Amino acid sequence: MATRVLYMDERRGQEPDPCYLKDFDARIVERGPDFVVLDATAFYAEGGGQPTDTGILRWPAGEAKVLRVQKEKGVLRHYVDRVPEADEVQGFVDWERRYAHMRFHTSQHLMSGIVWRIYGARTVGNQLHADHARVDFQPANFTPEDLTRIEAECNAVVGAGQDVRIFEEDRVGVDHKIGDRSLLDLIPTSINRLRVIQVGSADYCPCGGTHLRNTREIGGIRILEKRSKGKETDRIVYELASK
Ligand SMILES: [Zn+2]
């Protein structure tokens, strides 16, 4: 049985917004030696550069730590330090960690969109953490002035407080809009509807991650360094100002 992924519900201005769901009720549908499969979850499984969520599953007689969530052959496994004996549990996402990932994920899309528009460089890799992120661009050979400009352009969108929209679109339409910019061919051809994240006027990109509602929540982007990662590939490492 497939797990219903609650943060994937469409964003329609409801409260709480699906990406901001911190707790939920679920039923255990499968038990392993150190994991459970739930009928529904708000936990993010590691993927696309965004780390796994952690948190707690609670039931009347006890609680278990969720150490990581991983998708294996299409099944979402919640690895736990103790397998609950109850069938019904309440899940609690470690919100501080997840919200940090959301701020970095949305800011990464923002930076990727801006770098694409100004320099025509694609994002070829990224890894988010709770306190910094890195994004690899290609083809790129940024000068210090370029980095100053990227940072300023990102922070202008942050300061403008633009809405982040999440919606579904036909693959053909998405392909048409983003052209060479993204590696849509990495997404299985069986998927015809794509979940698109639109970061204000700055970015439009398919993604399965969890995202902020407004760019204001990013706070501010501070580029820490640029590293050359070989031929025509530059890595930008950045942190976020506290909100
Ligand atoms: Zn993404």
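Mentor: We will go through domains, helices, strands and some backbone details in turn.

Mentor: Two points come before that. This is a predicted model, in which local features need pLDDT of at least 70, side-chain atom pairs count only at pLDDT 80 or more, and totals for chains, interfaces and linings use all residues. Residues are numbered from 1 along each chain as its sequence is written.

Trainee: Which domains does the protein chain have?

Mentor: Domain bounds come from an automatic or database domain assignment. Here the assignment gives domain 1 (4-93) and domain 2 (98-240). Their C-alpha centres lie 26 Å apart.

Trainee: How many residues of domain 1 are in contact with domain 2?

Mentor: Two residues are in contact if their C-beta atoms, placed from the backbone, lie within 7 Å. By that rule, 14 residues of domain 1 are in contact with 18 residues of domain 2. The side of domain 1 that touches domain 2 divides into 6 nonpolar, 4 polar and 4 charged residues. For this division, Ala, Val, Leu, Ile, Met, Phe, Trp, Tyr, Cys and Pro count as nonpolar, Asp, Glu, Lys and Arg as charged, and the others, Gly among them, as polar.

Trainee: What span should helix α2 have, and what span does the model give?

Mentor: Helices (H or I, at least four residues) and strands (E, at least two) are DSSP runs, numbered from the N terminus. The expected span of a helix is 1.5 Å times one less than its number of residues. Helix α2 (residues 144-160) has 17 residues and should span 24 Å; its end C-alpha atoms are 24 Å apart, which agrees. Helix α1 has 25 residues and reaches 35 Å from its first C-alpha to its last, close to the 36 Å expected.

Trainee: Which residues of α2 are buried?

Mentor: A residue is buried if 20 or more other C-beta atoms lie within 10 Å of its own, exposed if 12 or fewer, and partly exposed in between; the C-beta atoms are placed from the backbone. In α2 the buried residues are Ile150, Cys154, Val157 and Val158. Seen down the axis of α2, they fall within an arc of 105 degrees, so they line one face of the helix. The arc is that of the directions from the helix axis to the C-beta atoms. An α-helix has 3.6 residues a turn, so residues three or four places apart point the same way.

Trainee: What do the buried residues of α2 pack against, and which residues are exposed on the other side?

Mentor: The buried residues pack against α1 (95-119) and β14 (221-228). On the other side of α2, Pro144, Glu145, Thr148, Ala152 and Gly159 are exposed.

Trainee: How do β9 and β10 pair?

Mentor: Two strands pair if DSSP finds at least two bridges between them. Strands β9 (residues 122-128) and β10 (residues 133-138) are antiparallel, with 6 bridges. Leu128 has Ala133 in β10 as its bridge partner, and a hairpin of 4 residues joins β9 to β10.

Trainee: Which strands pair with β2?

Mentor: β2 pairs in the antiparallel sense with β8 (residues 88-93) over 5 bridges, and Ala26 stands opposite Val89 in β8. β2 also pairs in the antiparallel sense with β3 (residues 35-38), over 3 bridges. There Arg31 has Val36 as its bridge partner, and a hairpin joins β2 to β3 through 3 residues.

Trainee: Which residues other than glycine have a positive phi?

Mentor: Lys73 is one of them, with phi near 50 degrees, in the loop between β6 (62-72) and β7 (75-80). Lys73 is exposed because 5 other C-beta atoms lie within 10 Å. Glu232 is another, with phi near 55 degrees, in the loop between β14 and β15. With 12 C-beta neighbours inside 10 Å, Glu232 also counts as exposed.
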